[in-house]
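The sequence and the structure come next, and the discussion follows them.

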Amino acid sequence: MEGGGAQYNPRTVEEVFRDFKGRRAGMIKALTTDVEEFYQQCDPEKENLCLYGFPSEQWEVNLPAEEVPPELPEPALGINFARDGMQEKDWLSLVAVHSDAWLLSVAFYFGARFGFDKADRKRLFNMINDLPTIFEVVTGGVAKKQTKEKSLVSNHSSNKSKSNSKVRESQAKHSKASQPKDEEQGLDEEDEDELGETLCGACGENYASDEFWICCDACEKWFHGKCVKITPARAEHIKQYKCPSCSNKRARP
């Protein structure tokens, strides 16, 4: 398979984790920002199809590898056959679960192949475990945290002037209405803790105060501006923002 790992073999824990993150990012794109294209490619009339993620953060729907045994563990086979027999969100969730399992199998295949010891395997797992699963990203498993955080920011900033309530920047989240000094400091720390748990709906990475974020008014997920190609200047002119996934949704039988 092109990009499937035959020409690139990570040999250290850091390299395997970097490989994992690249493949994961590609599969998240397929199931979120590129979901319309992914849906169309998974035609039930075609043969058994698999969803592949590559270290380059690209994805591909293709037939499984022909060689036996394959160069790498293979992802779930025949994901296209269940497409029209399930609700779209349930089908995407199923693909997401199998994608998580495949990513782990590929990462620990490299670990076994290149002789990772107990400490290396534990370190690799801990690095992987710090990221949300594809299933969590696709199904909004962090939505409650995001909604809570959105409410918190809205409540604490209701008395300050801000040009766009969807735009989250570091100076906006720390300015408060007049409050006692001790209480204001406590709220700042609470905000920081809550915001730090927020994850981008596209790439799944954590919130960082030096990055521009925007919230979808439809699904209420937060996104890095760079992930959805929205700049702060452009956001100023958007009355109601919809993420690519919500914008692409259409009624299906």
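## Interior spaces, cores and selected residues

In this predicted model, the second largest cavity has a lining made up of Met27, Leu51, Pro75, Ala76, Ile79, Val95, His98, Ser99 and Trp102. Its volume comes to about 40 Å³, and the number of cavities of 30 Å³ or more is 2. Helix H3, which spans residues 88-113, gives the most to the lining of this second largest cavity, with 4 residues. By residue class, the lining of the second largest cavity divides into 7 nonpolar and 2 polar residues, with no charged ones.

**The chain as a whole**

The chain contains 11 helices and 4 strands. Of its 253 residues, 42% are buried. Among the contacts with a separation of 6 or more, 65% are accounted for by residues 24 or more positions apart.

The largest nonpolar core holds 37 residues, and the members that touch the most others are Leu31, Phe38, Leu51, Leu124 and Ile134. At least two residues of this core are supplied by each of helix H1 (13-31), helix H2 (35-41), strand S1 (50-53), strand S2 (59-62), helix H3 (88-113), helix H4 (118-129) and helix H5 (134-139). H3 gives the most to this core, with 9 residues. Apart from this core lies another, of 18 residues, which includes Cys200, Ile214, Val228 and Ala235.

The lining consists of 20 residues, of which Ala25, Lys29, Glu57, Cys203 and Cys227 are the closest to the centre of the pocket. The elements that give two or more residues to this lining are H1 and helix H9 (225-228), and the largest share, 7 residues, comes from H1. In terms of residue class, the lining of the second largest pocket divides into 8 nonpolar, 3 polar and 9 charged residues.

**Backbone features in loops**

A cis peptide bond joins Val68 and Pro69, with omega at about -5°, and Pro69 is placed in the loop between S2 and H3. Two other residues have a positive phi although neither is a glycine: Glu220, with phi of about 65°, and Lys229, with phi near 60°. Glu220 belongs to the loop between strand S3 (213-215) and strand S4 (222-224), whereas Lys229 belongs to the loop between H9 and helix H10 (232-235).

| Residue | Relative accessible area and class |
|---|---|
| Glu220 | 30%, partly exposed |
| Lys229 | 68%, exposed |
| Ser247 | 45%, partly exposed |
| Gln58 | 44%, partly exposed |

Why does Lys229 count as exposed? The class is exposed because its relative accessible area of 68% is over the 50% cut-off.

Ser247 is located in helix H11 (residues 244-248). The C-alpha atoms of Ser247 and Cys216 are separated by 10.0 Å, and these two residues are 31 residues apart along the chain.

Gln58 is located in the loop between S1 and S2. Its C-alpha atom is separated by 9.6 Å from that of Ile28, the two residues being 30 residues apart along the chain. With its neighbours within four places in sequence left aside, Gln58 is in contact with Gly26, Lys29, Tyr52 and Gly53. Among these partners, Lys29 is also one of the residues closest to the centre of the second largest pocket.

Definitions and conventions:
Residues numbered from 1 in each chain as written. Predicted model: local features only at pLDDT ≥ 70, side-chain atom pairs only at ≥ 80, totals over all residues. Heavy atoms only, no water. Core = buried A, V, L, I, M, F, W, Y, C linked by side-chain atoms within 4.5 Å. Buried < 20%, exposed > 50% of the residue type's maximum accessible area, 1.4 Å probe, protein only. 1 Å grid on protein atoms, 1.4 Å probe; cavity = no way out; pocket = protein on both sides within 12 Å on 5 of 7 lines; lining within 4 Å. Nonpolar A, V, L, I, M, F, W, Y, C, P; charged D, E, K, R; others polar. Contact = heavy atoms within 4.5 Å. Points joined across faces, edges and corners; volume = space filled by probe spheres on them.
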